[in-house]
Amino acid sequence: MGRFFALLLLPMLLFGAVVKPFKWKDGESFLSFLERKKLPLSVYYNMDKEDQKLTEDIPYNANCQLLVDRKNIIRQILIPVNDELQLQIYYVPKKGYKMKVIPIISEEFKETLYLPLQTIPYDDILKTTGSKNLASVFVKMFKGRVDFRKGIKKGDPIVMVYTQKYRLGKPFSMPEVHGAMIEVGGKRYAVYRHTDGRYYDEKGAQYEKFIFKLPMRNPRITSRFTKSRFHPVLKRYRAHLGVDFGARPGTPILSTGDGRVSFAGYSRGYGKTIKIRHSNGLTSLYAHQKSFKSGIKSGSKVKQGQIIGYVGSTGLSSGPHLHFGMYRGSTPIDPLTVMKKKTEGFSGKEAKAFKAIRNKMDREFKAALTKKPVRKPYFDFHETYYVDTETLKPKPF
Ligand SMILES: [Zn+2]
């Protein structure tokens, strides 16, 4: 009888479940989070090393969700690690809590934003789209080239062509801009994204000026950056949010750029770690060090190429190497995409490819300018859903 009642009771227990969105706190460790939520620490200790390391890369302010049932039992917690992977902590009756690394199911839409300016680009884009990310990306793209405080007149057009990811109807992660333009006093300025993922102006000159250098002399890459990869042998999702350089213990580690040390200490997964904040919103990270160069501590000013520490194998490391990470804000990015490369224009085949991209984008700009400035509304957001642990698809709870 008890079993029969339990079956009847189950839907009733689920009824009245609520999703509580929350943001990941700055500086919160995964273990202290579990403690705070009164969840068993075994959730952490049962993870394998790689997944444990992943928990250190949860960006602060990450949009997390917690699902509690009517009895106030936590049934699921979703914590995004980046825009492709998330940690799912879920409750299995009688067995307790488990944890899985699962992909984030998202939808992508290519959108075009056309705006006749009313005030300044940042405010207008924010007002129209509600996206701070989109507004700040636009401003960054024309920084140093267009002075938004001078010369702009009401009605000057801006166009942005981009892809935005949506998760359950809400935009998330940085928009990927394919091209953007602004007209100031009849003069048009445009930025194009090339196949290498970098931005160039009309003439094909690299727009962003990268100032970073590799953190080691004679570097040997042993593992590259990946946001989400299904490991065929382990049969699980993996991410590697940095680049590994194999090297002998004691090999000097160099600062990738000028900056200020924002952290020099021990972190559980990364071992002896140094973080350096650079001027343009980027932070570099150097993990598993044997020791720090004397005098290097939190607050130290460092120059590009300066020795900051030595290769080791501290933390959750399988052998001596440098794990080198790069973050825009708190979001991990591929460090190799911001290393110094060419700054001049293209030649040969690449010039042809760039020209084709530019011409196609120019046509999209033109088409956008003939339309009414409109924008798709966001979708409805399901407040109560659960990511199925087998199918990995969201379903109503
Ligand atoms: Zn690594």
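Reader: Which backbone oxygen does the side chain of Ser255 reach?
Author: The side chain of Ser255 reaches the backbone oxygen of Gly257, at 2.7 Å. A polar contact here is a pair of N or O atoms within 3.5 Å; within protein, one must be able to donate a hydrogen and the other to accept it, and residues adjacent in sequence count only if both atoms are side-chain atoms. Before we go on, please note that this is a predicted model, in which local features need pLDDT of at least 70 and side-chain atom pairs count only at pLDDT 80 or more, while totals for chains, interfaces and linings use all residues. Residues are numbered from 1 along each chain as its sequence is written, and side-chain values use heavy atoms, with hydrogens and water left out.

Reader: And where does Ser255 lie?
Author: Ser255 lies in the loop between strand S15 (252–254) and strand S16 (259–267), where helices (H or I, at least four residues) and strands (E, at least two) are DSSP runs numbered from the N terminus.

Reader: Is Ser255 buried or exposed?
Author: Ser255 counts as buried because its relative accessibility is 1%; buried means under 20% relative accessible area, exposed over 50% and partly exposed in between, with a 1.4 Å probe and protein chains only. Leaving aside neighbours within four places in sequence, the residues in contact with Ser255 include Ile276, His278, Tyr286 and Ile308, contact meaning heavy atoms within 4.5 Å.

Reader: Switching to the metal, which residues coordinate the zinc ion?
Author: His240 through NE2, Asp244 through OD and His323 through ND1 coordinate the zinc ion, at 2.0 to 2.2 Å. Donors are N, O and S atoms within 2.8 Å of the metal (3.2 Å for Na, K and Ca), and sites may look incomplete because water is not among the atoms. Along the sequence, the spacing of these donor residues is H-x3-D-x78-H.

Reader: Are His240 and Asp244 buried or exposed?
Author: His240 counts as buried, at 11% relative accessibility, and Asp244 is buried with a relative accessible area of 11%.

Reader: Now S3, please: how many of the residues of strand S3 are buried?
Author: Seven of the seven residues of strand S3 (residues 74–80) are buried, so the strand is largely enclosed by the rest of the structure. Arg75 lies in this strand, and its side chain makes a polar contact with the side chain of Asp69 at 3.0 Å.

Reader: What does S3 pair with?
Author: S3 runs antiparallel to strand S2 (residues 63–68), joined by four bridges, and antiparallel to strand S4 (residues 85–92), joined by five bridges; two strands pair if DSSP finds at least two bridges between them. Val68 stands opposite Ile74, while Ile79 has Leu87 in S4 as its bridge partner. The hairpin of S2 and S3 has five residues between the strands, with Asn72 in the turn at a positive phi of about 70 degrees, and the hairpin of S3 and S4 has four residues between them.

Reader: Last topic: what is the strand order in the open sheet of five strands?
Author: The order is S6-S7-S8-S9-S10, with antiparallel pairing. Strand S6 (107–116) and strand S10 (199–200) stand at the edges with a single partner strand each, so one side of each is left without a neighbour in the sheet.
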